[in-house]
Amino acid sequence: MTGQCCRMASPSEPAIELLKRAAKGDSFARDFLCLFQPYESLEHAKEVNPELVERVLSVASRSKKYKSTTQVVFYKCRYLEGKNRCLVYEDRPLLCRTYPDTPFLAIAPGCAYEEWSKECKKKYKELRERLKELIKLQKMLLRAQGVYLPSKKTYYNELFIISPSYSWLR
């Protein structure tokens with residue numbers, strides 16, 4: 001209820017890509033662009049929340065989606081009024097109802113989801129380590145049974161859905 005997600009939004013891709021997705025009918029991109037309007041400049045966004053702007057720019061600088069942090073655009077919701085009151089709360093789109101849909105977003109300092117995000121990231125790291133251990137044990141067992149594996153690196157799917165309303169990380 002800090003309103004930071006409404007006052008300071010920045011998708012994880014350049015604005016031109018978001019526009020392309022919207023033109024193809026992507027519901028997230030269309031909803032986002034209907035709800036949010038860009039700040040006039042980076043300086044205006046920094047006036048609202050300089051720490052979050054720096055977090056987002058830091059993440060974008062390491063992202064393959066951005067050629068430069070100058071492609072990062074910050075937005076504000078056109079339906080946020082006064083003391084964090086949403087004018088379309090009862091009819092808000094799914095992207096608002098499910099925010100944040102991943103703990104891997106740059107979440108505003110003081111946001112109620114900040115601790116949840118940190119805890120999920122910690123558990124995700126623990127799960128990755130356990131998975132690596134299990135893969136090693138699996139290889140040892142297969143070798144003990146006389147099954148020899150190619151020396152290729154083992155890949156595993158790191159994509160899963162985590163959100164505060166639907167999370168299997170407890």
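Colleague: Where is the place of Pro-100?
Modeller: Pro-100 is in the loop between H6 and helix H7 (114-144). Helices are DSSP runs of H or I with at least four residues, strands are runs of E with at least two, and both are numbered from the N terminus. This is a predicted model, in which local features need pLDDT of at least 70 and side-chain atom pairs count only at pLDDT 80 or more, while totals for chains, interfaces and linings use all residues. Residues are numbered from 1 along each chain as its sequence is written, and side-chain values use heavy atoms, with hydrogens and water left out.

Colleague: What joins Tyr-99 and Pro-100?
Modeller: The two are linked by a cis peptide bond, with omega at about -15°.

Colleague: Pro-109 next. Which residues is Pro-109 in contact with, leaving aside neighbours within four places in sequence?
Modeller: Pro-109 contacts Asn-49, Glu-51, Leu-52, Arg-55 and Glu-114, where contact means heavy atoms within 4.5 Å. Pro-109 also belongs to the loop between H6 and H7. The C-alpha atoms of Pro-109 and Leu-52 are separated by 7.0 Å, although the two residues are 57 residues apart along the chain.

Colleague: How accessible is Pro-109?
Modeller: Pro-109 is partly exposed, at 28% relative accessibility. Buried means under 20% relative accessible area, exposed over 50%, and partly exposed in between, using a 1.4 Å probe and protein chains only.

Colleague: Leu-52 belongs to the buried residues of H5. Which others are on that list?
Modeller: Besides Leu-52, the buried residues of H5 are Val-53, Val-56, Leu-57 and Ala-60. Seen down the axis of H5, they fall within an arc of 135°, so they line one face of the helix. That arc is taken over the directions from the helix axis to the C-beta atoms.

Colleague: How far does H5 reach?
Modeller: With 13 residues, H5 spans 19 Å from its first C-alpha to its last, close to the expected 18 Å. The expected span is 1.5 Å times one less than the number of residues. H7, with 31 residues, reaches 45 Å, close to its expected 45 Å.

Colleague: Which residues of H7 are buried?
Modeller: Glu-114, Trp-116, Ser-117, Cys-120, Lys-123, Tyr-124 and Ile-135 are the buried residues of H7. H5 is included in what covers them. Following H7 is Gly-146, whose phi is positive, near 90°.

Colleague: On to pockets. How much space lies in the largest pocket?
Modeller: The largest pocket holds about 1,600 Å³. On a 1 Å grid over the protein atoms alone, a pocket is an open set of points where a 1.4 Å probe fits, with protein on both sides within 12 Å along at least five of seven lines; lining residues have an atom within 4 Å of a point. Grid points are joined across faces, edges and corners, and the volume is the space filled by probe spheres set on the points.

Colleague: Which lining residues are the closest to its centre?
Modeller: Of the 50 lining residues, Cys-5, Leu-95, Tyr-99, Pro-100 and Leu-105 are the closest to the centre of the largest pocket. Helices H1 (4-7), H3 (27-35), H5 (50-62) and H6 (94-97) are the elements that give two or more residues to the lining. H3 provides the largest share, five residues.

Colleague: Since H3 came up, is Leu-35 buried or exposed?
Modeller: Leu-35, which lies in H3, is buried at 5% relative accessibility. Beyond four places in sequence, Leu-35 touches Lys-76, Cys-77, Arg-78, Tyr-79, Pro-93, Leu-95 and Cys-96.
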